[in-house]
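Hi,

Have a look at it first, then read on.

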Amino acid sequence: MSDQRAKTFYRENYLFTQLTYMQIVGMFPIDYTKCLPQRLAFLSVILNRMYFGFWQLICIHIAVIQIASVHVNWGKSLDDISPFLNTSLIYVFTYYIIVYFQGRYGTHAELIEYINGNFKSRSAPGITYVTLEPAYRAANRFTHVWIICCTFGTLHWAFAPILTGTRALPLHSWYPFNALSPQYEIIYICQVLGQVLVGIGYGNVGAMLMSKITLVNGQYDMLFCSLKNLQSTAMILRGNHKEQLKNLQRKIDRSRDEINEYYVSCEILENLPQISDTVTANIPSHTVRERDTYFMEYNNELVTALKECIKHHQMIIKFCHMLEHFYHFYNLGKFFQITFLVCLLAVTATTGQNSAMKMVTIAEYLSLATSELLLFCYYADMLTYQSTRLNEAIIRSPWYTCGGPIRRDLIIMLANSVKPFTLTAGKFFLLTVESFKSAMAASFSYYTLLTKFRTRGDA
């Protein structure tokens with residue numbers, strides 16, 4: 001628990017870093033109207049479409065050339081065509097994610113707008129509180145590290161021809177003309193830009209999803225803290241209890257703090273003297289029964305505090321369903337793409353005809369592909385886990401001192417959290433760590449089958 005007594009945190013756009021990376025590779029429009037006079041505002045749409053078209057052209061050019069290379073070398077051994085199959089699969093799926101995010105821009109923008117407009121920046125006032133800042137920083141830190149890893153893994157070897165002074169292309173491809181002739185520089189730049197697109201595009205799409213999950217897990221942390229401090233929140237709403245609340249703060253035993261109580265958040269002591277006055281709802285008398293005698297002095301305040309928690313919980317549930325609706329079809333494509341990519345990379349790595357540089361590249365692609373799928377499944381698992389922890393937060397709250405109306409509302413909240421939230425792949429199967437294991441097992445099965453065919457062909 002932090003000793004910091006006062007802390008504020010707010011961002012107009014919690015996904016600014018992730019959106020900036022998406023704008024670099026044309027997966028999210030740039031608002032040019034800020035730089036253009038009002039009479040030329042229509043040019044913003046035209047410029048974005050031109051920029052989208054440029055990156056689509058870069059991607060589809062390499063995808064078509066790699067597919068053509070597979071066709072030209074068809075009939076040769078699997079060892080000869082597997083490198084082209086790898087690159088074809090990568091760029092076809094890269095084109096898919098560009099079209100997916102450009103085509104569903106409206107839905108994605110609504111999802112981001114919902115985050116910025118509805119996510120709370122801190123929990124309810126109490127003797128302690130948590131903010132969204134740790135989740136925000138964790139999301140940004142992960143985004144930078146992951147995109148750097150992806151970009152370095154796909155781009156560093158593209159500069160090998162320049163460093164070694166050889167006239168070669170980063171991607172070995174078939175062209176209907178001599179690619180090393182006067183068009184060499186243009187083709188070289190296009191392939192380097194294609195690798196930039198793969199690194200940033202692949203990396204940021206994954207980072208965007210995992211950042212959203214991190215932020216919503218931070219919202220769960222704030223909800224849990226608000227429920228834990230339900231009684232002290234009611235006392236703050238009632239007023240004239242600051243000395244009593246200060247005594248409660250002094251009695252906090254930090255040695256008994258739960259290690260895994262929150263996802264990424266850390267509790268901060270509330271600055272009680274600076275808390276502003278709030279409005280408490282008046283509860284109709286007919287909703288209070290004669291036998292509801294627990295903590296009745298604060299009944300109105302408790303109902304007001306709990307009502308905010310219920311609204312917060314409903315907001316989180318709605319966002320999770322929006323997240324699933326937008327990503328479930330993308331997750332399905334990602335699952336199959338990585339399953340087959342891992343298989344083909346393993347086949348390419350065992351050809352026995354690879355240079356040391358090529359083996360390093362294959363190992364990088366293989367590690368990035370498996371790591372991305374594992375992270376997808378792990379973060380989805382963490383979201384599922386957070387959605388089931390409402391009962392723990394209620395147990396930490398002073399529910400046993402509250403009247404019947406409060407306890408009945410808490411039971412309703414529990415009922416709404418009985419079914420854990422899950423992310424799926426096309427509504428066909430869940431994204432879990434077990435799903436990752438199944439995908440790796442399937443990749444190994446396909447790899448074994450392909451190697452048997454290769455062995456028969458050599459015989």
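Let's start with Glu133, which counts as buried at 9% relative accessibility (buried is under 20% relative accessible area, exposed is over 50%, and partly exposed is in between, with a 1.4 Å probe and protein chains only). This is a predicted model, so local features need pLDDT of at least 70 and side-chain atom pairs count only at pLDDT 80 or more, while totals for chains, interfaces and linings use all residues. Residues are numbered from 1 along each chain as its sequence is written, and side-chain values use heavy atoms, with hydrogens and water left out.

Back to Glu133: its side chain meets that of Arg137 in a salt bridge, at 2.6 Å from N to O (that is, a side-chain nitrogen of Lys or Arg within 4 Å of a carboxyl oxygen of Asp or Glu). The two are four residues apart in helix α5 (residues 133-155), which puts about one helical turn between them. Helices here are DSSP runs of H or I with at least four residues, strands are runs of E with at least two, and both are numbered from the N terminus.

Helix α5 also holds Tyr136, buried at 12% relative accessibility. Leaving out residues up to four places away in sequence, Tyr136 touches Phe9, Arg11, Asn13, Tyr14 and Leu215 (contact means heavy atoms within 4.5 Å). Tyr136 and Thr214 are 78 residues apart in sequence, yet their C-alpha atoms are 7.7 Å apart in space.

Now the overall picture. The protein has 459 residues, and 50% of them count as buried. Its secondary structure comes to 14 helices and four strands. Among contacts with a separation of 6 or more, 83% are between residues 24 or more positions apart. The accessible surface is about 22,400 Å², with 61% of it belonging to carbon and sulfur atoms (Shrake-Rupley, 1.4 Å probe; for residues, only the protein chains shown count as cover).

More on charges: a search of the whole structure gives 10 salt bridges. Which parts does the pair of Glu267 and Lys228 tie together? The side chains meet at 3.2 Å, N to O; Glu267 is in the loop between α9 (242-250) and β2 (268-269) and Lys228 is in helix α7, so the bridge joins parts 39 residues apart in sequence. Glu267 is buried at 4% relative accessibility, whereas Lys228 is partly exposed at 24%.

Glu324 is buried, with a relative accessible area of 5%, while Lys427 counts as exposed at 54%.

On to the aromatics. There are 25 aromatic pairs. A pair means rings of Phe, Tyr or Trp (its six-membered ring) with centres within 6.5 Å; planes under 30 degrees apart are stacked, over 60 edge-to-face and the rest tilted. Take Tyr184 and Tyr188: the centres are 5.8 Å apart and the planes at 45 degrees, so this pair is tilted. They sit four residues apart in helix α7 (residues 184-228), about one helical turn. Tyr184 is buried at 9%, and Tyr188 is buried at 9% too.

Tyr330 and Phe376 are also tilted, with centres 6.4 Å apart and planes at 40 degrees. This pair reaches across the chain, from helix α10 (residues 299-349) for Tyr330 to helix α11 (residues 356-387) for Phe376, 46 residues apart. Both are buried, and both are part of one aromatic cluster with Phe93, Tyr96, Tyr100, Phe101, Tyr202, Phe326 and Tyr327.

Last, the packing. The largest nonpolar core has 116 residues, and Phe101, Leu215, Leu227, Leu323, Tyr327, Tyr330 and Leu383 touch the most other members. Helix α7 gives the most to this core, 23 residues. Such a core is a set of buried Ala, Val, Leu, Ile, Met, Phe, Trp, Tyr and Cys residues joined through side-chain atoms within 4.5 Å. Not counting residues up to four places away in sequence, Leu323 touches Leu111, Leu209, Lys212, Ile213, Leu383 and Leu423.

Cheers
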